[in-house]
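Here is a short report on one protein and its ligand. Look at the sequence and the 3D view, then read on.

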Amino acid sequence: MNIVLTGFMGTGKTVTGKIVSERLGMEFIDTDKIIEEREKDRIVRIFQTKGEKYFRKIEEEVIEEVSKKDNCVIATGGGAIISERNFKNLKKNGILICLSAKPSVIFKRTFSSKDRPLLLKSKPAIQIIKELLEKRKPYYSKADYTIDTSSLKPEQVAEKIIEIYKNEKNKNKT
Ligand code: S3P
């Protein structure tokens, strides 16, 4: 069984995912990182040169591949779960955990980042965050669990994830 982390940019999927994988001795997979390695380019540049549609296509291919693995902690990009194909693939062998945070917290955590192409538009970032969050609500709510990380440290979030994982493993035994 995999632990799949979904949720908006800046909710701590990568940082917490790494902690969880170390604590549980599971492999850590970051789908954005695989895309960058495969394309030999930064996500932000892929968006600029080849467009979002192209990025989403590669993202679907990568997610299909990593979903076949077992015993991994998979951190996905914030938009991955919007695709029904990604959702189905990730669900096959994974517990879906959505990390959430208040818009103001997301803003604080992402405002100095140059790696978030969707936040580098002409509109103020806080407005984009609020609009995207609203649009994506129905998709994020399809996760098995949601953890609000707004006032938690990554270690605390990791502990919650580990607890969920252990409970799920016990459920599957009985
Ligand atoms: C995206 C989130 C990013 C990355 C890409 C698109 C999104 O990942 O996949 O910029 O659509 O929300 P993070 O959530 O890791 O920042």
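Which helix is the place of Val157? Val157 is in helix α8, residues 154–173. Helices here are DSSP runs of H or I with at least four residues, strands are DSSP runs of E with at least two, and both are numbered from the N terminus.

## About the model

This is a predicted model: local features need pLDDT of at least 70, side-chain atom pairs count only at pLDDT 80 or more, and totals for chains, interfaces and linings use all residues. Residues are numbered from 1 along each chain as its sequence is written, and side-chain values use heavy atoms, with hydrogens and water left out.

## The ligand and its surroundings

There are 13 residues around the ligand. Lys13, Asp32, Arg56, Arg116 and Arg136 come nearest. A residue is near a molecule if one of its heavy atoms lies within 4 Å of it. The shell holds 5 nonpolar, 3 polar and 5 charged residues. Here Ala, Val, Leu, Ile, Met, Phe, Trp, Tyr, Cys and Pro count as nonpolar, Asp, Glu, Lys and Arg as charged, and the others, Gly among them, as polar.

Now look at polar contacts. Such a contact is a pair of N or O atoms within 3.5 Å; within protein, one must be able to donate a hydrogen and the other to accept it, and residues adjacent in sequence count only if both atoms are side-chain atoms. Arg56 places a polar side-chain atom 2.7 Å from an oxygen atom of the ligand. Gly78 uses a backbone N or O atom, 2.9 Å from a ligand oxygen. Gly79 also has a backbone N or O atom by a ligand oxygen, at 3.3 Å. The protein covers 95% of the 380 Å² of accessible area that the ligand has on its own. Accessible areas come from the Shrake-Rupley method with a 1.4 Å probe; for residues, only the protein chains shown count as cover.

## Two buried loop residues

Thr11 lies in the loop between β1 (2–7) and α1 (13–24). Is Thr11 buried or exposed? Thr11 counts as buried because its relative accessibility is 3%. Buried means under 20% relative accessible area, exposed means over 50%, and partly exposed is in between (1.4 Å probe, protein chains only). A polar atom of the Thr11 side chain lies 3.4 Å from the backbone oxygen of Leu99.

Ser67 is in the loop between α4 (52–66) and β3 (72–75). Ser67 has 9% relative accessibility, so Ser67 counts as buried. The Ser67 side chain reaches the backbone oxygen of Ile63 at 2.7 Å.

## Positive phi angles

Most residues other than glycine have a negative phi. Which value is phi of Lys40 near? Phi of Lys40 is near 50°, a positive value in a residue other than glycine. Lys40 sits in the loop between α2 (31–39) and α3 (43–50). Lys40 is exposed because its relative accessible area is 73%.

Asn71 has a positive phi as well, near 60°. Asn71 is in the loop between α4 and β3. At 38% relative accessibility, Asn71 counts as partly exposed.

Asp70 is in the loop between α4 and β3. Asp70 is partly exposed, with a relative accessible area of 44%. How many residues apart in sequence are Asp70 and Met1? They are 69 residues apart, with 5.5 Å from C-alpha to C-alpha.

Arg85 lies in helix α5, residues 84–92. Its relative accessibility is 39%, so Arg85 counts as partly exposed. Arg85 and Glu64 are 21 residues apart in sequence and 8.4 Å apart in space, C-alpha to C-alpha.

Back to Val157 in helix α8. Val157 counts as buried, at 3% relative accessibility. Val157 and Val15 are 142 residues apart in sequence, and their C-alpha atoms are 9.9 Å apart in space.
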